[in-house]
Amino acid sequence: GFWAKKDGAPVALEMLFAINDSAGGNVLLHRISIGDLYVTFFSGVAPVAGTTHATTSCVDNDWHHHCVTWDAGGTGVLLYYLDGVLQFTSDPVVATLAADNTWSIGMEYDGAVKGDFFDGRIARVSVYARVLTASDVAELHSSPLPTTPAALGAIAVYAPGTHVYSL
């Protein structure tokens, strides 16, 4: 989960987070599309079925808590919560997480190419090595809103394995 504050309407594709394989191919993308007010998810080159749009806008110059749970090793179902409210449950996502995947926050890292930068702020990023329950998500969302952090630029986390990262 993480908190994000979008600065203005998107004028280009903007990535909240991305998981790419070692060749730079898409494993899972969480993005805001050009001229859109909602997030979408992509696996490979196609939108994840059942996740075309969230039902609530997150592009309003305010902080929003985003949380994605994905049972990658089981049902394959992806659940997306915005501000603690379930936005959608996807059809099973057929994608594989591997130790050499690159996880990027605030951009997409396609091998040697960095791009699709998020124009806004992201704070309190946490990655868990388990599927979060609705209660877990509610607890994360109930934490105090972040103060506006200094701009740090985008980051990439390499070889996540089973570790838990908190940034």
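Colleague: What does the accessible surface of the protein come to, and what share belongs to carbon and sulfur atoms?
Modeller: This is a predicted model, so the figure is computed from predicted coordinates. The accessible surface comes to about 8100 Å². The share belonging to carbon and sulfur atoms is 58%.

Colleague: How much of the protein counts as buried?
Modeller: The cut-off for buried is under 20% relative accessible area. The protein has 167 residues. Of these, the part that counts as buried is 44%.

Colleague: How many helices and strands does the protein have, and what share of contacts join residues at least 24 apart?
Modeller: The protein has one helix and 15 strands. For contacts, take pairs at least 6 apart in sequence. Among those, the share joining residues at least 24 apart is 59%.

Colleague: Which strands form the open sheet, and which are its edge strands?
Modeller: Five strands form the sheet, with antiparallel pairing, in the order β8-β7-β6-β1-β12. An edge strand pairs on one side only. That picks out β8 (85-89) and β12 (120-123).

Colleague: What is the average twist from one strand to the next?
Modeller: Take the sheet in its order, β8-β7-β6-β1-β12. From one strand to the next, the twist averages 25°.

Colleague: Which residue of β7 is the bridge partner of Cys-67?
Modeller: Strand β6 covers residues 63-70 and strand β7 covers residues 78-82. The two run antiparallel and share five bridges. Within β7, Cys-67 has as its bridge partner Tyr-81.

Colleague: Which strands does helix α1 touch, and what angle does its direction make with β6?
Modeller: Helix α1 spans residues 134-141 and packs on the sheet. The strands it touches are β1 (2-6), β6 and β7. With the direction of β6, the helix makes about 155°.

Colleague: Where is Gly-84, and which residues is it in contact with beyond its sequence neighbours?
Modeller: Gly-84 sits in the loop between β7 and β8. Its C-alpha atom is 8.1 Å from that of Ala-134, a residue 50 places away along the chain. Setting aside neighbours within four places in sequence, its contacts are Val-137 and His-141.

Colleague: Is Gly-84 buried or exposed, or in between?
Modeller: Buried means under 20% relative accessible area and exposed means over 50%. Gly-84 has 30%, so it counts as partly exposed.

Colleague: Which residues of β1 point one way, and which the other?
Modeller: β1 is mostly covered, with five of its five residues buried. Phe-2, Ala-4 and Lys-6 point one way. The other way point Trp-3 and Lys-5.

Colleague: Is Lys-6 buried or exposed?
Modeller: Lys-6 lies in strand β1. Its contacts beyond four places in sequence include Glu-14, Ile-32, Phe-118 and Gly-120. Its relative accessible area is 1%, so Lys-6 is buried.

Colleague: Which backbone oxygens does the side chain of Lys-6 reach?
Modeller: One backbone oxygen is reached at 3.1 Å, that of Gly-8. Another is reached at 3.1 Å, that of Asp-119.

Colleague: How many aromatic pairs does a search of the whole structure find, and what is the geometry of Phe-2 and Phe-17?
Modeller: The search finds two aromatic pairs. Phe-2 and Phe-17 lie 6.4 Å apart centre to centre, with 85° between the planes. An angle over 60 degrees counts as edge-to-face, so this pair is edge-to-face.

Colleague: Why does that pair tie together separate parts of the sequence?
Modeller: Phe-2 lies in strand β1, while Phe-17 lies in strand β2 (residues 14-20). Phe-2 is buried at 7% relative accessible area. Phe-17 is buried too, at 14%. The pair therefore ties together parts whose separation in residues is 15.

Colleague: What is the geometry of the pair formed by Tyr-80 and Phe-88?
Modeller: Tyr-80 and Phe-88 are both buried. Their rings are 5.4 Å apart centre to centre, and the planes make 35°. The pair is tilted.

Technical notes. Residues numbered from 1 in each chain as written. Predicted model: local features only at pLDDT ≥ 70, side-chain atom pairs only at ≥ 80, totals over all residues. Heavy atoms only, no water. Pairing = 2+ DSSP bridges. Helix = DSSP H or I, 4+ residues; strand = E, 2+ residues; numbered from the N terminus. Axes fitted to C-alpha atoms, helices over the stretch in contact; angles between N-to-C directions. Contact = heavy atoms within 4.5 Å. Buried < 20%, exposed > 50% of the residue type's maximum accessible area, 1.4 Å probe, protein only. Areas by Shrake-Rupley, 256 points an atom, 1.4 Å probe, with all protein chains shown as cover. Polar contact = N/O pair within 3.5 Å; in protein donor to acceptor, adjacent residues only side chain to side chain. Phe/Tyr/Trp six-rings, centres within 6.5 Å; stacked < 30°, edge-to-face > 60°.
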